[in-house]
Every structure is written in structure tokens, then in C-alpha cells.
Amino acid sequence: VVHDTFSEACIRITQDERQKMKTLFVENKVDQVSGTHDESVKKKVVTMARDLWEIYFSRLFPASGSVGTGVQVLSVSHKGIKLLKMVRSSSAASDYFRVLRPYSYSDILFVSIPSKNMLEFNLTNEKLILFSAKAPQVKHMIDYFLTELKKDSEYVVAVRNYITEDRSLLSFHKGDIIRLQHMDGLEAGKYYGCIVRKKVMLLEELKRDTPEFGWRFGAVYGKSGVFPSEYVRPVAAPDFLVLPAERLEPRDRQGQVAASAAVAVAMGSAVAAHELDLSTEVVNEMYGDTLSAELDDLPLHGGQYHMAEFAKKYFREAQRNRSDQKAKKGKEGRDPVDMVKFSKSPIQESLIDFSDSGMNRVAADIFLAIMKFMGDFPLKGQTEQDLVTTILKLSGDHGLMKDEAYCQVMKQVTANTSSKPDSCQRGWRLLYILTAFHRCSDVMKPFLLKFLQDACAIPGVQYQGIAKACEQNLRRTFQYGGRVQHPNSMELKAMLAGRSSKRQLFLLPGGIERHLKIKTCSVALDAIEELCYEMGLHRAEALDEYAVFLVTHRGQNVRPLNKREYILDIATEAEPVDANYSLWFRRVIWSLALKLDNELYVTMHYNQVLPDYLKALLSVVPQGKASEQHLQQIARLAALQHRAKGDSIYLPTLREVQECVPPQFYSKQGSQHWLNMATQHMQQVQPLNPHQARAQFLGLVSAFPMFGSSFFYIQSSSSASIHAPCILAVNLNGLHFLNKDTHTRRLSPCIDACVWDVYAVRLCCKPNISLGSTGLEKINGLRLQQDRGAWVSPSAQRFGL
């Protein structure tokens, strides 16, 4: 069967795999027509096919799912399962399956069928939901493989966390693969084990054209210990890289092993690279996605990168002319310069000479849409937004078409002889939109940049301004990946009118409003930089401590923005969901010292910290007994709050003092006593202006033990050492569990930041709570009660998503 498959060029075998098999045939003198009678050679062939051909020894089932990968087929084999997608190839080559994501049997705990045609895969680190009319057959086949593989297996997978301080016991986390070992003298029901692989979790789908893959890696180490058997279950032997037997383990400042984590990162990086390679449908030396050269470094002088040269090398007509010249001995075709000039008639074939003839129809549709948008062809009931959407979608859905779309628009604005007076201008507007959404290939990059720079450099040229704007868009598209959401009618109308920016409202703590000028390609990082600069923050590490959040449904849904996300994409996506959406700017990390000389900085941080202070979350008082010194400090803070309001003439009233003192402490003294103490301190803070009062308030509370924390209400916990319900304080020092009433620290130790594991949690995203410090999303084994919050996806370490 393998021999016949190889001879017939089965669609599941890549050219590289075919070459390796061909080499094996040659080395063993196998006739590709009649085969061989040598049994050992046959075994070699079958072994290579089994190990090399990804889905050949598989049974394929139709399947679909909500995993966001476009899965069409489920492959089940002796190695595991794979999610597949059919890729349409050229007419010369057959269609083939692309592996979207593989899972080995060591990743699969069990499979269930919750409802008809629904498959639920319970994996070590996630759940996978698929739908298939063959669900029972899929489950039966996978159960059979799992049963066989688990027989006499020396490996188990952790189904729950087991964390202990006892050094004789083995601590592990859900998803860890543990190898069982024999040991004399163990108590009944216990096993001796060694962790051989930490989980590697894919927290979010890979995003093509961006370096951010959203990956986290646990440490691989060889610590052994005893653990209870109810925390694990048998698993197939894992496929993992063998680590070097002898390696030095450098230690960090806490004395903890650090080298193993680096090894895991190196292992995971290879996995990430493999996943990214699989996600790229078009593997073509001409249309790569590498960023090998920055735009600024390209030598673009002279005529080397003129569009005529690109046409000469890659246009279909130029290739046809070259063939005709050879056939007719010297007959010259049309000059390549004319190939990149305005055309009054629609094209029937793509400008670029693609081997896939199926691209001709797509190219013709794009060109017709371009002509309609420029006014050179009747609209026939279509709107400008329909046309832009068509152009962006067709060129985006087919990787090869991005360069084609660029060539078509450049052709139509070059030597434009249209009878429509605004045809060329509208063509440039379209080019402006295209450069904001799609990257061209590395091959076209210098030609496109040269085209734009030439338009900027020629004195008196009408379109110098928009050409420069196109160049800026292109640079940012290469930097951030390009816009995702197609422009809505309002944005498109503004762009056609020559307006490339809008005023966007950002809300700072305390209801402070800032309107920023957002351009077509502005990202969240731009907004963070502008607001930080206004607060006097110019260091790059300071920018890492702030984030922008999208807030919808009156604060019910809060989502941190990736710093590379385009603001107008966010607005376009949010407006249909909630027309009253807002963008919040908050500090999320508190590692740098406070800067108290800038008024906006002080006011923002004061407003962000004050709500937590008034809930008595920042100070931890043993057994709830505050000393006289502590009460005096609270009275001084109440006086500073009163002075910060700007009313310096009168002393505070009983009600105003009560509003400035945390209720947990106010009940310790009588109302009149608090008023007397606050009045005494008012005499000292009276000379301060409101800005100085806020700054002094921040300076005092910054010394509190829980300052710089984010607080969450823990409803329940799977760990016996954490007594829920309680309050979780997350800061740079780790996780702290506080009594929900007294806010005293629990006896259970703080979980140090360097040993957190990555889990998705439900966050309590209150408007007055700063979301997160480093590792906010890394909370293990906890179920958080939603408090006016929303699901927040795990993200990069500092919400740089």
C-alpha cells in the first residue's frame, strides 16, 4: 500500500517527504514499479511512512468546531489526533490537508459525547469541542488506542494540583507528566514519582504576522517525591525531548533552579515555530513573511526597484512576451513601463504570473472593484463600503493576492487618463486603505516603497501628502501586522474626505477625560505613550506599567488591550455591541517608584489608589487591632483627602470625616474622636495645595504592605491551605490571601511570583481596581467570583498581550 501510494503521488505527502522516501528506495535498490521482495526493506519503508507521513496511517472523520481554526476533518491514528483543513491548491497540483494542530495521546485524558454529534476532548490543559456525525466511531477508536497505550504504562498525568511544603513529597500541577518508580517501604496507596515534563500551554491562537504567540512554559526538573494516587491517572507515554543527562543549574537570587525553565523555553520555541509554519498556507520563496530587512535599511536609489522592473520579472504579460520572443526570434512585446500604467478596461487575468490559474478569477474581481471604487465602472447597486470590503477580503483571504492588489492600484494611479476627474485621487485613497490593512511580500516591499517615495519626492506632484501617509501606514503595517476590522461607513467617509484621524476619549481614574488624536494606524501603545508623556514618563520601562482597557455594558465587560491592537479596530468592533463603550487607562504594574512632581500623574494615581484604601485593603493589621499610631496616620490621611478636594476654607464635618476613613477603622473610635483627630491634622495640612495633598497621601500609603496590589474576592479554592472565602491580593511579591472581614493575612504562605503557573481565571474588574501586576492571570486552582467583571483572556506577562 505504501509503495502504491508513493507511486501515485498521494495528496497527503509533501515534496520533502517524497524525496526522503525516494532516497530510501535508491539506497535499498527498490524498483519504483515492481517494488521489492526483501522483507527487511519493506519494514524500513513502512516504518518511515509511519513516522514521516503525518496523516497517512489515519482514519479521517468529517468534523467542525468552535476552536477558531477552521477545522474540517479530524484525523485519528496510533499517534494521536490531528485537526485538518483542506487547502485548495493549483490546477497543476492536487488539493491537500493542512494540519492545524496535533494532539498526542499523552495530551488526552478522556473523550465524552455530551450530546448527539458532539465530542468533548478533555485534555491535560484545556478542553476541545468538535462536532461530527461520526462522533461514536471517533470515541470508540480513541478509547481503544488509549486503553492499549495505558496498559502497563509507567506514566501518569496530574488531574489536579498537589502543592506541599513537605520536601519529602512531590509537588506538581495539573497537566504535569510523572513517571512512576518502584520504592520499598511506601505506605499503601502511595507512589514514588519523578516529573519528566511540565505542561506547555497554548493560551491563545497563533496570530500570523505578529511575533506574539501568546505562549507560557513551565520548568522541567527532576525532583522526586511521594504523592497520593488520587491526584493522577494513567496516561500514555509522552513524546518529549530527552534533556542532557548532565547540566549545570544556575540559580536565581532566591536560590531556585532557573536553567530548566530556559530549556523548556527552547523546547517550546521549536513547537511554536512548527505551529507557525503549519499556519502558513502559502510557502513560496517569493511570498515569505520574514522581516529580514527593515524598510529604512533598503537601498532604493536608482531604477533597480522601479515598478517596471517588477513587472518585467513577475508580470504575466512580460513572461508571455519573453516566450514569444524565443518562439518568433526577436519579436518585441509591450514595454514593461506600459504594463504598470492606467487601464480603461477590466483585466481577465492576474497581472502577476501565478502558477495557480484559479487566482485569475479573484484578480479580475479585485480589479473590477477597484475600477468601480475609482468611478471608472458603474457601481450597479454596490456601495463604496461594499467595494472596499470586497477588495480587502479577497486580497486577505488569498495570500498571493496582496501583491496583486497593490500592483493593480498602483497601475490605476500611474499616468491616469480617466474621464472622471477624481479617479486618481480615489485610487490614492484606496492605496492609503490598503497599506493600513495588508503587508506586501518581502519581494514587493522595496518596489512599493520606492513607488511611494518617488511620489513624495517629485516637486509639485498633487499627491505628495497622501503618498507620504501611505508610506507611514506601510511601515506601521509591517511593525504591527495591519488592521483587522474593515473600515465602517463613518471611517470610510472620513478617509474619502481626506481626514485620517479622529478624537477618541480615554477615561483615567477619577473620571478624568483625555481626548487623543487617533490615526488610521494608531495602536494601543501609541495612546499609552501619549498619556505617559503627559504624565512626565519617558522611560520605556515606565510605559510597560500601564494598559488600556475596553469597557462595555456599563463596566460589566472589561478587556485589556494588546498594545499592538489598533484603536480604530477596537472601536469598529465595540460600537455594534455597545454604542456607549469606553476606553480606560490604568496602571497595572507598580514596580517603579512614584513620581510625585507631575500633577496629572499624581491625580490619576491618587484616584486609582483611593478606593482600595477606603476599603482598608492596603494596610494589613494583625488581628484587626490598630495601634494609636496607626489611627493617627488614618486621621492624617483623612485630612489630606479633605484638603485634596480643593476646599481650604472650612474644616471637615462629621460626615466628611466618616467618608474619608475606612469603615473597618471608623468603628474602632467614636465619631467625635475621629473628627477631633482629623481637625488636629488639618492644621498641619492646611498650607498644602490640593496637588501637594494628593502627593503626600500617595507617599504615605505607598509604604502600606499591600500597596500596588490588585484585589479579588475568592469564593472557593481547591487547596486546603487556602481558607475561602477570602480576598486575594496580587502584587509583584506574589499572591497574598487576606481574611475577607478583617483583611489580616492568612496563615497560609504567600505564593511567590516565580512559581506561579498559567491558568485562565475570572477576574473581578471593578472600575476602581487596577487590573494586575506581573502575572495577574497566573492564579492556580482558584475559582474567582465575578463582581461586575468578565472573562479576561490570559495574556503576555505584562498585559502586553
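What is the handedness of the crossing of α10 and α12? The crossing is right-handed, a term that applies when the near helix is turned clockwise from the far one by less than a right angle.

1. Basis of the note. The model is predicted: local features need pLDDT of at least 70, side-chain atom pairs count only at pLDDT 80 or more, and totals for chains, interfaces and linings use all residues. Residues are numbered from 1 along each chain as its sequence is written, and side-chain values use heavy atoms, without hydrogens or water. Helices (H or I, at least four residues) and strands (E, at least two) are DSSP runs numbered from the N terminus.

2. Helices α10 and α12. The axes of α10 (residues 384-397) and α12 (residues 423-437) come within 11 Å and cross at roughly 45°; axes are lines fitted to C-alpha atoms, for helices over the stretch in contact, and angles run from 0 to 180 degrees between N-to-C directions. That angle makes α10 oblique to α12, the class left after roughly parallel (under 35 degrees), roughly antiparallel (over 145) and roughly perpendicular (65 to 115). Glu384, Val388, Ile391, Leu392 and Ser395 of α10 meet Arg426, Leu430, Ile433, Leu434 and Phe437 of α12, contact being heavy atoms within 4.5 Å.

3. Helices α9 and α11. The axes of α9 (residues 359-374) and α11 (residues 401-413) come within 10 Å and cross at roughly 35°. This crossing is right-handed. Contributors from α9 include Ile366 and Phe367, and those from α11 include Ala405 and Val409.

4. Strand β20. Six of the six residues of β20 (residues 582-587) are buried, so the strand is largely enclosed by the rest of the structure; buried means under 20% relative accessible area, with a 1.4 Å probe and protein chains only. Ser582, Trp584 and Arg586 lie on one side, and Leu583, Phe585 and Arg587 on the other. β20 pairs with β16 (residues 501-508) in the parallel sense over two bridges, and six bridges join β20 to β18 (residues 546-552) in an antiparallel arrangement. Pairing requires at least two DSSP bridges between two strands. Phe506 stands opposite Leu583, while Arg586 is the bridge partner of Ala547.

5. The four-stranded sheet. An open sheet has the order β1-β3-β4-β5, with antiparallel pairing. Its edge strands are β1 (58-62) and β5 (96-104), each pairing on one side only. Five bridges link β1 and β3 (residues 73-77), with Phe61 and Leu74 as bridge partners. Helix α4 (residues 135-150) packs on the sheet, touching β1, β3 and β4 (80-87), and its direction makes about 30° with that of β3.

Conventions:
Buried means under 20% relative accessible area, exposed over 50%, partly exposed in between (1.4 Å probe, protein chains only).
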